Amino acid sequence: MVNFLQHTFNGLVGGAFLALLALGLAVIFGMLRVVNFAHGAIYMLGAFGAYVLLTEVGLSFWWALLVMPIALALFGMALERLLVARLARLDPLYNFLLTFGLTLILQDAVKSRYGVQSSPYDAPAILSGTLDLGAFDFPAYRVFVLVMAVAVCVGVWWLLSRTRVGMVVRAATERPELSTALGIDVGRWVTPVFGFGIGLAGLAGVLAAPIRAVNPLMGADLIIVVFAVVVIGGLGSIFGSVAAGFAIGLVQAWVQALGEDWALLSQVLVFLVMAGVLLWRPAGLFGREEAPA
Amino acid sequence: MLRIDDLSAWYGEAQVLRGVSLEIAAGEVVTLCGRNGAGKTTLLRCVMGLHPGQRGTVELAGRTLSGQPAHRRARAGLGWVPDDRGCYATLTVAETLSLPPVVGPSPWSLEQVYDAFPHLHARRNAPSTTLSGGEQQMLALARVLRMGARLLLCDEPTEGLSPLLVAQVGDILRQAKQHGVAVLLVEQNLHFATTVADRHHLLAEGRVVESLENSEVAAREKDLLAYLGI
């Protein structure tokens, strides 16, 4: 039982990263209809940024947690203005290729400066111990990651569902043309929403730095799973992507817990689930069928 | 209030509007009649600024709208009532009502809207796409009244509604008219059109082929129905 709780907890922590990344992808896809392939590279930049800030500037984890998401959000906004917006009128494939190319450039740029081996990054001292929450001792940093991720997801939900800004973004996402005819300047929201999604990936990266191997390819491995998560939740569905993120994290951890022999299955499981969901509900668990144009 | 001058529009190579000119005064209701494909909806989309391939002039209360994006035209006072009723699955009824900015001098308050449409009040927290067809139509109309729009662009607001609801749409349009709101109405239901409109333009192959006063329509009803193919 204690073992099961431990695996469940680890699954939730793993799911927290999937949820944060999937949330950013879903927000961006909803507004721009762009599948941001560079999401994994941004996650990697978040983690590497934290490492560089610590080793070369001397800024602690807490500063990195504040600085990196904001810096990457600004980078994302510039990227949207300078590149993504130019391709917006073309086939979505062009922006997919753009962000794919960007991924390769960012990965190789980091690789050429810092090499491919993982860089060590310690959790802040205050979170280095364990928390006794009854059943077993939880590593304090992982509890912090989980709390942060849940808080961010709830915060984004609140922003989207309970504020005027969120209402406008929902309207612009669901029916852009109708919304402009009702006086909403849809174009004004595109750049900030893109930056926001990118900032979430940066935040996930900083949170990952102390517990995941910080190396140039850390995002490339993860992003494929995140794409599957987004598809399972329903492309563009905010709630679906978060729920699917935590669910996949849990299931992966439970299958891993079955032992060494199941390691391979836990790797491919997410894609099996995706295939199954697509056969059952082509728009994903919480996705809506696109209205015919 | 609205002046359209020599408006032409294209879908790719195909020309769908050929030099349409018309004017609507404040408090006037003008219909566009014509067969499917005559260019009625395209004309509304051109005025709203949603159709990219257009040439000509559109003015609202002396301000030129041509070349402006749709959201600016809405803020200048155009109220968009689309043929699909423009509901959102991700917005509640209350949110759908308060989404557009207030743009005109005499907007309806939310209380006025709920007094006039008690059904919308009862369903205010439901996603707006879950309303019945008639309720969705009332929502689309209530929304532009709450904006205080000066000119309503209504695309077949009575389509698919029961006679009782058609009468209610008529009441709302007449009420708006009394407050000086102008309406450009695309309507297939000729009888309904004569109960609300002052003038009618017959559109065929992208041109205004005939303009009639309301009184003339009754006299030539058979003639016109045959022409419209109804």
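The structure is a predicted model, in which local features need pLDDT of at least 70 and side-chain atom pairs count only at pLDDT 80 or more, while totals for chains, interfaces and linings use all residues. Residues are numbered from 1 along each chain as its sequence is written, chains are lettered from A and ligands numbered from 1 in the order in which they are written, and side-chain values use heavy atoms, with hydrogens and water left out.

View 1. Helices (H or I, at least four residues) and strands (E, at least two) are DSSP runs, numbered from the N terminus. A:Gly40 counts as buried at 4% relative accessibility, where buried means under 20% relative accessible area, exposed over 50%, and partly exposed in between (1.4 Å probe, protein chains only). Leaving aside neighbours within four places in sequence, A:Gly40 is in contact (heavy atoms within 4.5 Å) with A:Gly219 and A:Ile223. The C-alpha atom of A:Gly40 is separated by 7.6 Å from that of A:Ala201, although these residues are 161 residues apart along the chain.

**View 2. Helix α11 of chain A and its kink.** The 18 residues of helix α11 (residues 263-280) of chain A should span 26 Å at 1.5 Å a residue, and the end C-alpha atoms are 26 Å apart, which agrees; the expected span is 1.5 Å times one less than the number of residues. A kink of about 45° is centred on A:Leu269, the bend at a residue being the angle between axes fitted to the seven residues ending there and the seven starting there. A:Ser266, A:Leu269, A:Val270 and A:Val277 are buried in this helix, and the buried residues of α11(A) pack against α9 (218-233) and α10 (238-257) of chain A.

**View 3. A:Ser179 in helix α7 of chain A.** A:Ser179, in the helix that covers residues 176-181, is buried, with a relative accessible area of 0%. A polar atom of the A:Ser179 side chain lies 2.9 Å from the backbone oxygen of A:Ala171. Not counting residues up to four places away in sequence, A:Ser179 touches A:Ala171, A:Ala172, A:Ile184 and A:Val186, and also B:Tyr88 of the other chain.

**View 4. The interface of chain A and chain B.** The two chains bury about 1800 Å² between them, 56% of it on carbon and sulfur atoms, where buried area is the accessible area (1.4 Å probe) that two parts lose on being put together, summed over both. In chain A, A:Met167, A:Ala181 and A:Leu182 lose the most area to chain B, together 31% of what that side buries. The contact takes 18 residues from chain A and 23 residues from chain B. Three salt bridges are found across the interface, a salt bridge being a side-chain nitrogen of Lys or Arg within 4 Å of a carboxyl oxygen of Asp or Glu. In one salt bridge, the side chains of B:Arg45 and A:Glu177 meet at 2.9 Å, N to O. The elements that give two or more residues to the side of chain A that touches chain B are α6 (164-174) and α7 of chain A, and α6(A) gives the most, with six residues.

**View 5. The salt bridge of B:Asp84 and A:Arg175.** The closest N and O atoms of this pair are 2.4 Å apart. B:Asp84 lies in the loop between β6 (78-81) and α3 (93-98) of chain B and A:Arg175 in the loop between α6 and α7 of chain A, so the pair joins two chains. B:Asp84 is partly exposed, with a relative accessible area of 38%, and A:Arg175 likewise counts as partly exposed, at 24% relative accessibility.

**View 6. The salt bridge of B:Arg199 and B:Glu28.** The closest N and O atoms are 2.8 Å apart. B:Arg199 lies in strand β9 (residues 199-204) of chain B and B:Glu28 in the loop between β2 (14-24) and β3 (29-33) of chain B, so the pair ties together parts that are 171 residues apart in sequence. B:Arg199 counts as buried at 19% relative accessibility, and B:Glu28 is buried, with a relative accessible area of 15%.

Definitions and conventions: Polar contact = N/O pair within 3.5 Å; in protein donor to acceptor, adjacent residues only side chain to side chain.
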